[in-house]
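Please consider the following protein chain together with its three-dimensional model.

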Amino acid sequence: MPEGGEGGALRLDAIAAIKDNIAGERLEALLEALGPCEEGDLLLFGAGDTPTVNASMSAVRLHLGADLGLIEASDQPHSVLWVTDWPMFEFNADEQRL
């Protein structure tokens with residue numbers, strides 16, 4: 001197991017499973033769909049149920065944005081953000097409803 005303990009550490013066999021299954025034609029198709037990738041680019045893959053993967057990727061995005069100083073504070077009470085093709089509501093697993 002990588003450093004970091006058992007709780008949040010990724011198992012090496014999970015990494016190997018991704019690496020071993022994305023090769024050959026699959027790798028070429030993935031790279032074509034992604035467009036040009038350059039040295040230093042970061043590709044993240046998530047596996048699991050959609051709400052968990054979305055929450056995990058969101059946490060990574062927010063952490064990197066804050067850490068790299070990419071999130072600008074706004075002194076305006078409201079900012080406009082257009083989000084397209086995203087679910088209007090998320091399923092609440094605890095309450096079993098939208």
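Where is the place of Ile18? In this predicted model, Ile18 lies in helix H1. The helix spans residues 12–21 and has the lowest mean pLDDT among the elements of the protein chain, at 69. Ile18 counts as partly exposed because its relative accessibility is 42%, a value between the limits of 20% and 50%.

Ile18 also belongs to a nonpolar patch on the surface, which it forms with Leu27, Leu31, Leu34, Leu43 and Phe45. Together these residues have about 490 Å² of accessible area. Helix H2, residues 24–34, supplies the largest share of the patch, namely three residues.

Helix H3, residues 50–67, has the highest mean pLDDT among the elements, at 90. From its first C-alpha to its last, H3 reaches 25 Å over 18 residues, close to the 26 Å expected at 1.5 Å a residue. Just after H3, Gly69 adopts a positive phi of about 70°.

The segment after H3 contains Leu98. Leu98 counts as exposed because its relative accessibility is 62%, which is over 50%. Leaving aside neighbours within four places in sequence, Leu98 is in contact with Phe89, Glu90 and Phe91. The C-alpha atoms of Leu98 and Met88 are 9.6 Å apart in space, and the two residues are 10 apart in sequence.

As to confidence, the protein chain has a mean pLDDT of 77, with 80% of its residues at 70 or more. Over residues 1–5 the pLDDT is below 50, and this stretch has seven contacts in the model beyond near neighbours in sequence.

Terms used:
Residues numbered from 1 in each chain as written. Predicted model: local features only at pLDDT ≥ 70, side-chain atom pairs only at ≥ 80, totals over all residues. Heavy atoms only, no water. pLDDT = per-residue confidence, 0-100. Helix = DSSP H or I, 4+ residues; strand = E, 2+ residues; numbered from the N terminus. Contact = heavy atoms within 4.5 Å. Expected span 1.5 Å × (residues − 1). Patch = residues over 30% accessible without salt bridge, like charges linked within 9 Å, V, L, I, M, F, W, Y side chains within 5 Å. Areas by Shrake-Rupley, 256 points an atom, 1.4 Å probe, with all protein chains shown as cover. Salt bridge = Lys/Arg side-chain N within 4 Å of Asp/Glu carboxyl O. Buried < 20%, exposed > 50% of the residue type's maximum accessible area, 1.4 Å probe, protein only.
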